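Please keep the chain in view as you go.

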Amino acid sequence: MKSTATAYILWFFLGLLGIHKFYLGKTGMGILYIFTGGLFGIGMLIDLFTLPSQVKTYNATHNA
């Protein structure tokens with residue numbers, strides 16, 4: 001079970017590298033974030049508001 005707090009910590013410190021995406025099992029998005037710097041910062045801003053729902057979706061699909 002993934003933690004929203006951990007996802008936010010990863011987002012805050014390593015978000016431009018997409019480490020929070022790797023944490024949530026989104027490898028493709030993580031690689032995209034590495035090469036684009038968090039989708040030029042716009043993706044990171046979107047993740048600021050959508051990270052709790054991303055964690056909830058991950059937990060619902062992987063712990064069923």
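Leaving aside its neighbours within four places in sequence, which residues is Met 1 in contact with? Met 1 is in contact with Asn 59 and Asn 63, where contact means heavy atoms within 4.5 Å. The place of Met 1 is in the segment before H1; helices here are DSSP runs (H or I, at least four residues), numbered from the N terminus. The C-alpha atoms of Met 1 and Thr 36 are separated by 28 Å, and the two residues are 35 apart along the chain.

A word on the ground rules before going further. This is a predicted model, in which local features need pLDDT of at least 70 and side-chain atom pairs count only at pLDDT 80 or more, while totals for chains, interfaces and linings use all residues. Residues are numbered from 1 along each chain as its sequence is written, and side-chain values use heavy atoms, with hydrogens and water left out.

**Accessibility of selected residues**

Buried means under 20% relative accessible area, exposed over 50%, and partly exposed in between (1.4 Å probe, protein chains only).

| Residue | Relative accessible area | Class |
|---|---|---|
| Met 1 | 83% | exposed |
| Phe 35 | 70% | exposed |
| Gln 54 | 10% | buried |
| Lys 21 | 4% | buried |
| Asp 47 | 3% | buried |
| Gly 30 | 0% | buried |

**The salt bridge**

How many salt bridges does a search of the whole structure find? The search finds one, with a salt bridge taken as a side-chain nitrogen of Lys or Arg within 4 Å of a carboxyl oxygen of Asp or Glu. The partners are the side chains of Lys 21 and Asp 47, at 3.3 Å from N to O. Since Lys 21 lies in helix H2 (residues 19-23) and Asp 47 in helix H4, the pair ties together parts that are 26 residues apart in sequence. Side chains of opposite charge can pair when their charged atoms come close.

Gln 54, found in helix H4, touches both of these partners: its contacts are Lys 21, Leu 24, Lys 26 and Asp 47, not counting residues up to four places away in sequence.

Gly 30 lies in helix H3. With residues up to four places away in sequence not counted, Gly 30 touches Leu 17, Gly 18, Lys 21 and Phe 22. Gly 30 and Leu 16 are 14 residues apart in sequence and 9.3 Å apart in space, C-alpha to C-alpha.

H3 also packs with helix H4 (residues 42-62), at an angle of about 65° and with their axes 3 Å apart. The axes are lines fitted to C-alpha atoms over the stretch in contact, and angles run from 0 to 180 degrees between N-to-C directions. That makes H3 roughly perpendicular to H4, a term covering 65 to 115 degrees. At this meeting, Tyr 33, Gly 38, Leu 39 and Phe 40 come from H3, and Ile 42, Gly 43, Met 44 and Asp 47 from H4.

Helix H1 (4-14) and helix H3 (27-40) are the elements that give two or more residues to the patch. H1 gives the most, with four residues. Phe 35 is found in helix H3.

Conventions:
Angles under 35 degrees count as roughly parallel, over 145 as roughly antiparallel, 65 to 115 as roughly perpendicular and the rest as oblique.
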